[in-house]
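Please read the following walk-through with the coordinates open beside it. The account moves from one chain to the other and ends at the ligand.

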Amino acid sequence: MINLNNFQINVWAALSLLFLPIYGTAIGLLFMGIFRRLSARIHQRYGPPLWQPYADVIKLFSKKSNFSHGWVYDLGVIMGLAGPALMLWFIPFNGLPNMAPYGDLIVILYTMVIGPLGMALAAAVGASPWGVLGVARALGMMFGYELPFMLAVLAVVAKAGTLRLTEIAAMQQSAGLWNPSNWFYALVPVAAVAGHIALQGVMGEKPFDQAIAPHEIGTGIMTEFGGKYLGMMFLFAALNLFAELALFSVLFLGGGPLWLVTLKALFLYVIASLVDITYGRFRPDQAFALLWKWPTVLALIGLMIVLFS
Amino acid sequence: MEWARLIDKVTSKSLWMMMYCTGCGAIEMPPTVTSRWDVERFGIMPMATPRQADIFLITGYLTKKTLKRVIYVYEQMPEPKYVIAHGSCPIDGGIYYDSYNTINRLDLFIPVDLYIQGCMPRAEAVMDALLKLREMVEKGEANAWQKYHENFEYYDKNQKALFGENWRAVMTL
Ligand code: SF4
């Protein structure tokens, strides 16, 4: 426990806290590169090289003119980047000291909202009607996917009997790191499938990408962002992507050391990308109805199975 | 200086373009960006809004009405920015040279980096221009955007001569 009286400066832990967001961003950008390559191959194109997103970010940060819309705009962008970093600090990775023992699932589910909210704040003061429309859609979608996602998480919590993510991860690894028989995807499969569908909405991939919706509403939240601000948006998207995937793999796929979680995240992301590439975009009302119908009902059934068995 | 070279090199690998598609040339854009020619393998990607774009591709003739929008969009793009004029219409008027409501030369109003001649240029020509622009950016030669600062009086004078003295105040988008 953190005790200010005999607070020890733990250099290793501090370094690991510093390292995690940087690692998450780098991996998230790599995932985006993989996604662009994958979608190109499916379209029968060659596609950009894997390091394309890194070049994009460097270019965006080297732009000579950057348009700001006041201090809320600046702060919102920073808050957006801080949210997923905080979330990553609370996710347990074997052998990596971070803040996971000091927070539980409730904290993580709250930190999940900080990042998108920061970006929404920046987009809302950005004076672009498309941006405001994107924010409205993003908030609506948030209501849509949080219900099934929370219910799926609740099923895990009911099964595990604890809110502590460290214990949930340890419980799944009790049969061995590579043995999936104790993973919650196997123990509460119905709820896990519901959570998986909701994850698509959490990540904002098609068919749930109404908040960005390129060429429909400009690019939604991103419409007014350019130069460094768009660069920050990219870093946020990358970090947020990795944090969400890591959370899901720790919750349902057993977690493990950082490299293993990264591999599991990649596996989840490739599935999500394939769905993204093959689906079109739903209308906001259709997407909302879909999220509150199938995954929610599935998650409820999963929860019932856990509670009454 | 070395640092700037490095940045130029990276920038040339990632150019996002915004296409202004009111002219006939719009029809050449789909083959350029989709699986036929696939410019994305060079890091060139179509973007939806001016704030995100580096390249401004003007595909064909500009009327007095659309030129105003083009100037506004150009000014909204973050620097460095590059303009490609596609087709003969923005170069010298093309077949609309004597029309009552199109302009004949784009570079009187905003600085242009590259011209693609032809009526209309095929997707191969667009690819060629994009690769040429990429080379220019890498060498630090695509500097037309600086002219808009240095010679703003010139561009402003031409804009005002065409649209009237206080067109910016009068215009609503
Ligand atoms: S150059 Fe030819 S094809 Fe292009 S806009 Fe003009 S008339 Fe149309």
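The buried residues of α8(A) pack against several other helices of chain A, namely α4, α5 (129-160), α7, α9, α10 (258-278) and α11 (284-307). This is a predicted model, and in chain A the mean pLDDT is 87, with 97% of the residues reaching 70 or more. Within that chain, confidence is lowest in helix α7 (residues 184-187), at a mean of 84, and highest in helix α2 (residues 52-61), at 92.

Helix α8 of chain A comprises residues 189-202, and because 14 residues at 1.5 Å a residue should span 20 Å, the 19 Å between its end C-alpha atoms agrees with the expectation. Of these 14 residues, 10 are buried, so α8(A) is largely enclosed by the rest of the structure. The buried positions are A:A191, A:A192, A:A194, A:G195, A:H196, A:A198, A:L199, A:Q200, A:G201 and A:V202. Just after α8(A), the backbone at A:G204 takes a positive phi of about 70°.

In α3(A) the buried residues are A:Y73, A:G76, A:V77, A:G80, A:G83, A:P84, A:A85, A:M87 and A:L88. The buried residues of α3(A) pack against α1 (11-42), α4 (105-124) and α9 (227-252) of chain A.

In chain B, the residue to look at is B:T59, which is found in strand β3 (residues 55-59). Is B:T59 buried or exposed? Its relative accessibility is 1%, and because buried means under 20%, B:T59 counts as buried. A polar atom of the B:T59 side chain lies 2.8 Å from the backbone oxygen of B:Y20. Leaving aside residues up to four places away in sequence, B:T59 touches B:Y20, B:C21, B:T22, B:G23, B:C24, B:G25, B:A26, B:M29 and B:H86.

One of these contacts of B:T59, B:C24, is also among the residues around the ligand.

Note on methods. Residues numbered from 1 in each chain as written. Chains lettered and ligands numbered in written order. Predicted model: local features only at pLDDT ≥ 70, side-chain atom pairs only at ≥ 80, totals over all residues. Heavy atoms only, no water. Near = heavy atom within 4 Å. Buried < 20%, exposed > 50% of the residue type's maximum accessible area, 1.4 Å probe, protein only. Helix = DSSP H or I, 4+ residues; strand = E, 2+ residues; numbered from the N terminus. Contact = heavy atoms within 4.5 Å. pLDDT = per-residue confidence, 0-100. Polar contact = N/O pair within 3.5 Å; in protein donor to acceptor, adjacent residues only side chain to side chain. Expected span 1.5 Å × (residues − 1).
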